[in-house]
Amino acid sequence: MRQQIDTGLPSLGQPFSWAIADGQMVYTSHGPVTAEGKILQGDITAQTRLTLQNLRTAMEAAGGSMDDVLQVQLYLLDVADMKPFDAVYAEVFRTPYPSRSTAVVAALVAPGMRVELLATARIPSRKA
């Protein structure tokens, strides 16, 4: 049964859930959103750190960790951002890394936003 996870992340004023669980599966999406609900302006490294911290927050709220993430779908504005993104990503995840797909896109929904990701996780300790 589909269940919204209370992540404690700020409301964005849109029909949007930070994380949804169905049994052991967790589906979540993130960008560089501050505690005040604003987009962090700045370079890709700072935006990546905040985006992955928001993902960690959601995973912990769901009862899991970053080790439970199975797949990441990544959207970047600039292919040149891949290398700095990967540097931070390798600090946060360990091998075996989640399966990942990356797309470079023309725009993201919020001005100044350089990165957005979707993650799928399985948390064995959650009720099936």
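The following legends describe close-up views of a predicted model. Residues are numbered from 1 along each chain as its sequence is written, and side-chain values use heavy atoms, without hydrogens and water. Local features need pLDDT of at least 70 and side-chain atom pairs pLDDT 80 or more, whereas totals for chains, interfaces and linings use all residues.

View 1. Helix α1 (a DSSP run of H or I, at least four residues) comprises residues 44-61.

**View 2. The ends of α1.** Asp43 caps the N-terminal end, with a side-chain oxygen 3.3 Å from the backbone nitrogen of Thr45. Gly63, with a positive phi near 95°, follows α1.

**View 3. The aromatic pairs.** The structure holds four aromatic pairs (ring centres of Phe, Tyr or the six-membered ring of Trp within 6.5 Å; planes under 30 degrees apart are stacked, over 60 edge-to-face, the rest tilted). Phe16 and Trp18 form an edge-to-face pair, with centres 5.0 Å apart and planes at 80°. The rings of Tyr89 and Tyr97 are tilted, with centres 6.4 Å apart and planes at 35°. Phe85, Tyr89, Phe93 and Tyr97 form one aromatic cluster.

Terms used
Helix = DSSP H or I, 4+ residues; strand = E, 2+ residues; numbered from the N terminus. Expected span 1.5 Å × (residues − 1). Polar contact = N/O pair within 3.5 Å; in protein donor to acceptor, adjacent residues only side chain to side chain.
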